[in-house]
Amino acid sequence: MAVTLSAPFAVPFGFDRFPDCAALNAELRSLFLAREAEGQAHANARPTMTINPALFESRFDLFKWPEPSVRQLREFCWTSLYAVVAQTTSHDATTLRKLVGHADAWFHITRRGGWFGLHNHPMASWSGVYCVDAGHSDEGRADSGLLSFPHPARDGAMFVDPASRALKLPYNYATREFRLEPGQLVLFPSWLMHQVTPFAGDGERITVAFNAWFTLP
């Protein structure tokens, strides 16, 4: 008798990459550093979490900026997200075309020692992180500036024996961690807890994040 395996509880991730991203990322990097230098004019005035001194968080209106580089990035992010929604839902093509997306978007500039604590985004359905500049991590620091997702089934590791310790993906309870590369976009459900580990390196780690939700007229 054959045993059948299934994974009824799954968490979808979407991955995309902006092609030939060097020119776009250079424009975004210059723009974001200039806005940061203007001080509190573009900083998030009401952060919901503690912002440590080595991290700058912008206001959440980034996707409304008129600059061509921001508009180009916004179009890429929306195109990728709609593709993920199409693949993960049972909506037909007509319904998908009617979906209206809304988003808050912002940028982070992280320098040595900067991090962002464990959190999720309860008032959205999908979230995304785009890498503008990964910075230069110290040699040997594999844990620097990672986008980290603890496994949502935290009770799964309440008892570990030789059988459960050796579970393979996607069944094990390991934290999923990503060292982002320039041009990379990671999409994930907004309810999923995530964090950014302390950045140990030179230069700036620059990312764009957004939370999206949809309405159906």
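Strand S5 and strand S12, which covers residues 205-215, pair in the antiparallel sense. Seven bridges hold this pairing in the record of the fold. The model is predicted, so read every position here as a computed one.Look at one pair of residues in it.

Strand S5 has another partner. Five bridges join S5 to strand S9, residues 184-189. These two strands also run antiparallel. Trp126 marks one place to check: its bridge partner in S9 is Pro189.

Is strand S5 enclosed or open to the outside? Count its buried residues. Strand S5 spans residues 126-133, and eight of its eight residues are buried, so the rest of the structure largely encloses this strand.

Now move to a single residue in the partner strand. Thr207 is found in S12. Its relative accessibility is 5%. Buried means under 20%, so Thr207 counts as buried. What does Thr207 touch? Leave aside residues up to four places away in sequence. Its contacts then include Val129, Tyr130, Cys131 and Val132. Thr207 also touches Trp106, Phe107 and His108, as well as Leu180.

Keep one general point in mind while you look at strands. In a regular strand, side chains alternate between the two faces of the sheet.

Next, find an open sheet of four strands. Their order is S4-S10-S7-S8, and the pairing is antiparallel. Which strands form the edges? They are strand S4, residues 116-119, and strand S8, residues 176-178. Each edge strand pairs on one side only. Neighbouring strands in this sheet are turned against each other by 15° on average, with direction ignored.

Two bridges join S4 to strand S10, residues 194-196. The two strands run antiparallel. Here Phe116 stands opposite Val196 in S10.

Finally, turn to the surface. Val3, Leu5, Leu167, Tyr171 and Tyr173 form a nonpolar patch there. Together they have about 510 Å² of accessible area. Val3 belongs to this patch. It lies in the segment before strand S1, which covers 14-17. Is Val3 buried or exposed? Its relative accessibility is 75%, and exposed means over 50%, so Val3 counts as exposed.

Terms used
Residues numbered from 1 in each chain as written. Predicted model: local features only at pLDDT ≥ 70, side-chain atom pairs only at ≥ 80, totals over all residues. Heavy atoms only, no water. Pairing = 2+ DSSP bridges. Axes fitted to C-alpha atoms, helices over the stretch in contact; angles between N-to-C directions. Buried < 20%, exposed > 50% of the residue type's maximum accessible area, 1.4 Å probe, protein only. Contact = heavy atoms within 4.5 Å. Patch = residues over 30% accessible without salt bridge, like charges linked within 9 Å, V, L, I, M, F, W, Y side chains within 5 Å. Areas by Shrake-Rupley, 256 points an atom, 1.4 Å probe, with all protein chains shown as cover. Salt bridge = Lys/Arg side-chain N within 4 Å of Asp/Glu carboxyl O.
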